[in-house]
Amino acid sequence: MADIAELTRLIEPEAQALGLDLVRVAMFGGKSDPTLQVMAERPDTRQLDIADCEALSRRVSEVLDAADPIEEAYRLEVSSPGIDRPLTRLADFADWAGFDARIRLAEEINGRKQLDGRLSDVDGETITVTLLKSGEAFVFPFSSIASAKLLLTDALIKATAPLSSAEADEVVYETSTESADRIIEKEA
């Protein structure tokens with residue numbers, strides 16, 4: 001399989017040249033259907049639009065075609081991290097403080113290998129979450145994480161609403177009026 005560190009070394013400058021932050025480079029699907037997944041975002045919005053995906057895909061394709069770091073045929077997938085995004089960088093845990101996440105640890109710590117908690121604090125390389133069920137603080141090193149992602153909650157949906165609804169088919173506003181509980185605006 002491909003060397004992810006080498007792929008990241010090749011791909012990251014292409015993302016940066018477009019003003020994007022690289023979130024994750026990963027290979028999925030094994031030998032039968034390998035997919036190279038590249039996630040990126042605009043640092044100011046934490047979002048990526050179709051034009052960004054197209055531009056990054058073209059640049060990454062050109063670099064990978066020239067370097068040929070993957071022996072077998074593969075599919076390239078360039079995308080935004082999405083709403084329930086993976087947390088892959090230490091900075092992600094600070095950026096998303098106050099939101100809920102599911103974290104799997106590489107090895108058990110204090111009797112836990114998986115935890116659901118509210119991201120509370122980052123101090124150096126140490127992360128603190130407040131466990132959702134017990135309310136207790138759980139502290140662990142960033143290096144102990146096998147995987148982590150935000151949990152889809154109403155607060156996360158509200159915080160990650162699109163910056164513009166210009167291309168939306170419909171916009172739904174929740175309201176508390178007695179005569180209607182939803183107002184739907186559609187462009188003609």
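Me: Which residue in β3 does Q37 stand opposite?
Reply: This is a predicted model. In it, Q37 stands opposite E77 in β3.

Me: What makes β2 and β3 a strand pair?
Reply: Pairing takes at least two bridges. Strand β2 (residues 35–41) is joined to β3 by 5 bridges. So the two count as paired. They run parallel.

Me: Why are β1 and β3 called edges?
Reply: The open sheet has 3 strands in the order β1-β2-β3, with mixed pairing. β1 (21–28) and β3 (75–79) each have a single partner strand, so one side of each lacks a neighbour in the sheet. Neighbouring strands here are turned by 15 degrees against each other on average, direction ignored.

Me: Which helices lie across these strands?
Reply: Helix α1 (residues 4–17) lies across β1 and β2, at about 140 degrees to β1. Helix α2 (residues 50–67) lies across β2 and β3, at about 145 degrees to β3.

Me: What makes the largest nonpolar core a core?
Reply: Its members must be buried nonpolar residues, joined through side-chain atoms within 4.5 Å. Here 20 residues form the set. I103, L119, V129 and F140 touch the most other members. β4 gives the largest share, 4 residues.

Me: What does I103 touch?
Reply: Its contacts include F93, L115, L119, V129, F140, I145 and A148, leaving out residues up to four places away in sequence.

Definitions and conventions. Residues are numbered from 1 along each chain as its sequence is written. This is a predicted model: local features need pLDDT of at least 70, side-chain atom pairs count only at pLDDT 80 or more; totals for chains, interfaces and linings use all residues. Side-chain values use heavy atoms; hydrogens and water are left out. Axes are lines fitted to C-alpha atoms, for helices over the stretch in contact, and angles run from 0 to 180 degrees between N-to-C directions. Contact means heavy atoms within 4.5 Å. Buried means under 20% relative accessible area, exposed over 50%, partly exposed in between (1.4 Å probe, protein chains only).
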